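Okay, everyone, let me put this one up on the screen.

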Amino acid sequence: MTGLLDMDISSVTHVIVPALATSLPTLPMAGINWHSVLFLLFAGLACGFAVGVVAADNVVRMALYLVFSLGSTAGLFFLAGAEFLGAMQLMIYVGGTLVLLVFGVMLTAQAPFVSIKPSSSDRTLAAVAGASLLALLLTAAFSVDAWMVPGVGEVPAPSATPLGMALIGVRVDTPPNGSPNGGHVGYMLPFEIVSVHLLVVLVGAAYLARAKRRRTPRAIDAVASAMPVESAVVATAAVTVPGRTAGGAKSALVGGGR
Amino acid sequence: MAEFLIGLGLPGWLAWSIAALVAAVLLLNVIAGGALVFIWAERKIAARIQDRLGPTRTGGRFGWLQSLADGIKLLAKEDLMPEGADGLLFRLAPYVSFCASFCAFIALPFAFDVVGQRLNVGVFFVVAVLGLEVFGVILAGYASASKWSLFGAMREAAQVVSYEVPLGMCVVVPVMLAGTMDLVTIAEKQAGWMSNWYLFHDPFTFVIFWIYVTCAVASVNRAPFDLAEAESELVAGFHTEYSGLRWSFFFMAEYGSMFLVSALAAVLFLGGWNGPVPIAQLVGLSEGTGDSAAYFVRLLGLANLIGKATFGVLLMMWIRWTLPRLRIDQVMTTCLKYCTPIAAVMFAGAMFWQLFLPGGLLPGWSRPAGEIREGWLEGPGGLSATPPPAAVRPAGVAAADPSDSSGLATRSPR
Amino acid sequence: MMNFSLAPSILPPGLTMPASVGMIPLFAANPFTEPVGVIHYLIVGAVLFTAGIACMTLKRNALGILMGIELVLNGANINFVAFSSSYLRAEGAPTLGLDGQVVALFVILLAAAEAAVALAITLNFYNNHATVDVDRADDLKG
């Protein structure tokens, strides 16, 4: 079993074409390009679930559709050769940001608020804005010839090392052909800035979400709800997501008295 | 395998899809068969620890067929759904959980080159997908329209998400020692005797391993971190309202995840498929001495890894039935006040150890982790980070030469 | 796939399709056999972006608006990855290379940070007003 699924992208085309010569060439599936099939699958899922997010009324279902849409986007990243980015999308975006979002949805999904229907004038406005924006974007996309050529290039053995090195300021990849940038810069400064940014956000979110001591009861306590607000849980969740991306900045257990 | 099928004359598209299907079915069997064995083992171990016997009737003296009987019972159960439950979400939740658990097996290597898909970012991918299991739990808790389910689900989600931080840090240490996130390469670099294992590489890694065990147990919601399923407190937590086949999917997801984190620990710290004793090398077999020898070596490696992972799962069961359950605030305290700082300090220690003592304490005692072993890995830098170039790969029918695929012939016995 | 013979009629006057549009073999041929190009990814990115904008416009639930923001950012990320990938281009064509992936990485990180803060604000709002309907946030209205 030498490489159970040794399916790097170039070998697909190198295998399919010779195989056709010796076997059934007349089948309509004979020339199938699995990469394109998978691309269509993931693209269909991503677009379909994105439209589902817009169309759904129930906010919990919207969150679920968003999870599936972003998961399919991660699949698209893998198909384009950006493996590290795909794993990053799964871990940080889907496994962190969306978990946070789903937490928020759960905490606020009381019965009267689960389906808030927009007015019809809002719907018309959204439809017009969406349609015109889509037309504009597609026109811009189709206006460049170079983007419409089918891709047959190689994915240079996807490795996370050049990306990691770039993040500490050392560029080990070759500049792409015709790159206008003479200087091949590293990304050390943005990396550090983002790290500090995440730390600041961590502290800020933990502060915002802390359990506050109140003299007068909150409006939410007056609403007959089936579930008390678990401020400790949300504080922990709000604290943890930036914490994961900031590489484990320490955080105190925020006011969790229950 | 696809090349083998193409060599038989099948068209390319069919060969690739069959190869993919076979790989998927094999991985599925690992989870399903594993769950079957582990359920029985859990009941027996729990029984013995509690000074009783466990299943002794079905299938003879040791109750071998108890798992099968349980499975048949679960299949035959009535399919219930609570009245206020969201139908779509209720039905979807077990499958989301199971899919997350299953997808992580794609990148897990069972022996050299016996891997679903060899990803350069294997470690990252496995840890990322493990974190997606929480969605199934949250969905189940919400869709059950029951207080206890929701509480259990929120607690479990908070716990899993919190423990991913120290888990990530623990996982980064072997990655740092190996210089790559490729799981196959990480295990390859621990080939040889037991002293090559990263567990014994330096004291910091040793401590990190135990922190990893703690975080892994918390991550799969096993006792003492099983607040979400605490029978004595929340009825059954997020799967209170689930019965029959749906519940068994959650169960399979849990045992699958347990096997996965144990196998991951084995690959990262315990040498993967390389045993305590390099049997294949001693006997004289190696990857390069012909096709059947290569298969036998890999089979040995496969058995080795499964054995180590099973030992990890049994260890988790042992811990479960020995230690009392932690409260949710104790769980969070353990994560944020103990695991994370200790993991961070140990990570810094391992980094400095690697910097100042790359050859280990005693010269010749253990190979430095990043060293290339001549003749074993091809080319400078070996297998680190790059899969074999396309030219080496078999190009379909024209080069149907199994013994030469993946450059096997370039390896010589050590 | 799209039928390009209809394309000129749906465009507003003044905008013309490039003359070379007829030579896109990707859409005319069987989509299962032709390799994908950058344009396919751009279409997906455009759809996601538009869905995000529609979501932000349409939803009254604050969390729905947040989801729209996530979709917008992901649409942009898909575009970045498409431009950076050398698989989607012809042999030897210039790409963004690593820069595209690094930018997408930073977008993911910043989106996580922004979502955390937005969620904290939303939960505070919820605690104070017992609703997440943004139309109710009119205390400061003149």
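Going from the N terminus, chain A reads α-α-α-α-α-α-α-α-α-α. That is ten helices and zero strands, where helices (H or I, at least four residues) and strands (E, at least two) are DSSP runs numbered from the N terminus. Before I go on: this is a predicted model, so local features need pLDDT of at least 70, side-chain atom pairs count only at pLDDT 80 or more, and totals for chains, interfaces and linings use all residues. Residues are numbered from 1 along each chain as its sequence is written, while chains are lettered from A and ligands numbered from 1 in the order in which they are written.

Back to chain A. Of its 258 residues, 44% count as buried; buried means 20 or more other C-beta atoms within 10 Å of the residue's own, exposed means 12 or fewer, and partly exposed is in between, with C-beta atoms placed from the backbone. Among contacts in chain A with a separation of 6 or more, 58% come from residues 24 or more positions apart, a contact being two C-beta atoms, placed from the backbone, within 7 Å.

Now, the interface between chains A and C. Here 88 residues of chain C are in contact with 98 residues of chain A. On the chain C side, α2 (25-28), α3 (38-58), α4 (62-84) and α5 (98-129) each supply at least two residues, and α5(C) gives the largest share, 25 residues. By class, that side has 59 nonpolar, 22 polar and seven charged residues. For the classes, Ala, Val, Leu, Ile, Met, Phe, Trp, Tyr, Cys and Pro are nonpolar, Asp, Glu, Lys and Arg are charged, and the others, Gly among them, are polar.

How do the helices pack there? α4(A) and α5(C) have axes 10 Å apart, at an angle of about 10 degrees. Axes are lines fitted to C-alpha atoms, for helices over the stretch in contact, and angles run from 0 to 180 degrees between N-to-C directions. So α4(A) is roughly parallel to α5(C); the cut-offs are under 35 degrees for roughly parallel, over 145 for roughly antiparallel, 65 to 115 for roughly perpendicular, and oblique for the rest. This contact of α4(A) with α5(C) has 18 nonpolar, seven polar and no charged residues.

Then there's α6(A), residues 120-142, against α3(C), at about 160 degrees with the axes 9 Å apart. That makes the pair α6(A) and α3(C) roughly antiparallel. The residues of this contact of α6(A) with α3(C) split into 17 nonpolar, three polar and two charged.

Over to chain B. Is helix α6(B), residues 133-143, mostly covered or uncovered? Covered: eleven of its eleven residues are buried. They pack against α3 (59-79) and α4 (83-108) of chain A, along with α4 (87-103), α5 (122-130), α7 (147-178) and α10 (245-269) of chain B. After α6(B) comes B:Ala145, with a positive phi near 50 degrees.

Another positive phi, near 65 degrees, belongs to B:Asp51. B:Asp51 sits in the loop between α2 (12-49) and α3 (66-75) of chain B, and counts as exposed because it has 6 C-beta neighbours inside 10 Å.

One caution to finish. Chain B averages a pLDDT of 79, pLDDT being the predictor's confidence in each residue, from 0 to 100. Over residues 368-414 of chain B, pLDDT stays under 50. Where pLDDT is low, the predicted coordinates should not be read in detail.
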